[in-house]
Structure formats: structure tokens, C-alpha cells
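The following note sets out points for a colleague who is examining the model displayed below. Each point may be checked against the coordinates.

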Amino acid sequence: MPRQLSHLGFSRRALLVAASFVLGAIAFGGGAAHAQEPLKIGIIGTGKIGGALARHWVKAGHEVFVSSRHPEELADLVKELGPKAHAGTPREAAAFGSVVLVSVPYGAMPQVGSDFAKELAGKVIIDTSNPSLSRDGPGAPEWQRKGAGVSTAELLKSTRVVRAYNCIPAASLAGQANRQPARIAIPIGGDDATAIAIAERLVRDSGFDPVLVGSLAKSREFDLGQPLAQGNLSAVELRAKIK
Ligand SMILES: NC(=O)c1ccc[n+]([C@@H]2O[C@H](COP(=O)([O-])OP(=O)(O)OC[C@H]3O[C@@H](n4cnc5c(N)ncnc54)[C@H](OP(=O)(O)O)[C@@H]3O)[C@@H](O)[C@H]2O)c1
């Protein structure tokens, strides 16, 4: 945070909230009409999480490019989703999106970062992926110690990573969009205000309430096993837990 702002007593979280509010207002009707246009979203990792989000986002009018290392296996999903969906390789998905969802077993993150560096450069990246010792190998303890958000930003060489959807169970994500009487909250964290505003829009469009916890470093507080990683809270309940 710039020195002059911290001297005025503004916290980094307060500044991110204010900036994302302003950018969000522009994105949701206060600004140029083109800000309301559907987004092009590339999806790397079209499993339980990526597949559920592809369905929600197409329903909301966005255009998605789902991907697999075996793209032919996505034929049924693309047929189900209709003309706003395309399928191909992870590289093609990275190239397609102005926003790229990365939702893979965390052990794949170093390879995604090195193989698709060119395609991902400058893109808004939404990361759902959780490092797990049993699944993701010897890198997992260090990724967990640093926090998954900070680790993803390093591995993908990006300042535009937003953590989101990492602590909602896949069944809730698929089946509880627009829950009544209160939507399920999705804690998010990031360092780039424009990327945060876009992620907030996409969380809302998927049927959930975004709650900005703070920076990517602070997003560690909702890494799995951490205090804010409680899948099915409402926004009011989640905000009450943020320190
Ligand atoms: N399941 C949950 O409840 C849940 C909830 C929140 C967050 N998460 C986290 O979100 C991430 C995705 O979870 P998920 O449950 O959706 O997993 P999943 O169903 O196993 O899907 C993961 C997808 O990643 C793709 N993939 C694997 N290695 C890849 C690589 N090297 N390059 C490109 N794509 C690769 C696979 O596609 P192909 O094999 O077809 O290429 C697969 O479809 C994980 O990190 C998980 O911890 C999971």
C-alpha cells in the first residue's frame, strides 16, 4: 500500500473494498454500456467445480471455453450448454478468455503457469485450486504455508489472480445457486481492483454473494482448514467472522 495512504489510516482491505465498489458500480450500470457485455471465460480444469461454473455462467449469458487434456470428453457438456460454449485444449481456453478460471489439482499449477505463460499474460485469473498434501505432492506444504493465493500468483506469474470458490463444496456450487432466503457467500481475495470487480460480477452471476476478504495474502484466511473456510455461510454470517 502507498505510504501516504497507510499514514492516513486506511487499511489495505478498506482501499480494496472502496476500489472494487467503484469499479463494480461501473461494471454494473454506473458506467459505459460495454461494461455490461457478456464476458469471454476460458476454463482450465472442467471438473466438478469448473463444470458447475460453466453451467452457471452460460445461463447468465457469458461465453465459455471449457477445456480438457482430452477435449473430446467434453462433447456432451458442450452440447448441453449450447452455442455459448466451446471446448478444446487448456491452451486454447487460456487464449480464449479475457477471464480465465483455473480449477485444477494444485500439483498441476506449476505446469499450467509455465506452459501457458504467454496466453495467460495480463488476463484476469480466478483460482479455485487448493493445495493438498495427499494429492499434490511435495510442493503442497510450502504452498499452504505461503497461502494458495500468493502461491498461485507466483506460479502463474500474474498480479491479476483472484481467489474464489475454493471453499464451497462442489455439491453446493452445483445445486445451491440463488439459495433462499440468503445466497451462499463466496469469500474472495486479490490485489488488483479491476480483477476483483470482475470476479465479484461473475460470483453474483453464478448465483452467489461475493464477500471481499482482502488481499491475496489475506485470502490465506479462507484456504482450506483456515478460520474463514466455511462453505455455506451467508454474506452476513461471513462478514461477521472477518477480522
Ligand atoms: N470438489 C470440491 O468440492 C472443491 C471445492 C472447492 C475447491 N476445489 C478445488 O478446486 C480444484 C478443482 O477441483 P474439482 O473438484 O473440480 O477437481 P476435478 O473434478 O478432479 O477436476 C479437475 C480438472 O482438472 C483438469 N486437470 C488436471 N490436471 C491438469 C493439467 N495438468 N492441466 C490442465 N487441466 C488439468 C482435469 O481435466 P482433464 O483430466 O480432463 O484434463 C479435471 O477435469 C482443486 O484444486 C480442488 O481442491 C474443489
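1. The model under review is a predicted one.

2. In general, the strands of a sheet pair through backbone hydrogen bonds, in either a parallel or an antiparallel manner.

3. One pairing may be examined in detail. E1 (residues 40-44) and E4 (residues 99-102) run parallel and are joined by four bridges. Isoleucine 41 has valine 99 of E4 as its bridge partner.

4. For the chain as a whole, the secondary structure amounts to 13 helices and eight strands. The chain has 243 residues, of which 47% count as buried. Among contacts in the chain with a separation of 6 or more, 66% are between residues 24 or more positions apart.

5. Which residues come nearest to the ligand? Of the 25 residues around the ligand, these are Gly45, Gly47, Ser68, Ala108 and Ala170. Two or more residues of the shell are given by helix H3 (48-59) and by helix H6 (109-115). The greatest contribution is that of H3, with three residues. By class, the shell around the ligand holds 11 nonpolar, 12 polar and two charged residues.

6. Helix H10, residues 148-155, is mostly covered, as seven of its eight residues are buried. The buried residues are Ala148, Gly149, Val150, Ser151, Thr152, Ala153 and Leu155. Their cover includes H6, which also gives residues to the ligand shell. Strands E5 (124-127), E6 (161-163) and E7 (185-190) are likewise among the elements that cover the buried residues of H10, as is helix H9 (140-146).

7. Lysine 157, in the loop between H10 and E6, has a positive phi of about 50 degrees although it is not a glycine. Is lysine 157 buried or exposed? Lysine 157 counts as exposed because it has 12 C-beta neighbours inside 10 Å, and a residue with 12 or fewer is placed in that class.

8. Asparagine 178 is located in the loop between H11 and E7. Its phi is near 55 degrees, a positive value in a residue other than glycine. Asparagine 178 has 10 C-beta neighbours inside 10 Å and therefore counts as exposed.

9. The loop between helix H11 (170-175) and E7 also contains proline 181. Where is the cis peptide bond that involves proline 181? The bond joins glutamine 180 and proline 181, with omega at about 0 degrees.

Note on methods
Residues are numbered from 1 along each chain as its sequence is written. This is a predicted model: local features need pLDDT of at least 70, side-chain atom pairs count only at pLDDT 80 or more; totals for chains, interfaces and linings use all residues. A residue is buried if 20 or more other C-beta atoms lie within 10 Å of its own, exposed if 12 or fewer, and partly exposed in between; C-beta atoms are placed from the backbone. Two residues are in contact if their C-beta atoms, placed from the backbone, lie within 7 Å. A residue is near a molecule or strand if its C-beta atom, placed from the backbone, lies within 6 Å of it. Ala, Val, Leu, Ile, Met, Phe, Trp, Tyr, Cys and Pro count as nonpolar, Asp, Glu, Lys and Arg as charged, and the others, Gly among them, as polar. Two strands pair if DSSP finds at least two bridges between them.
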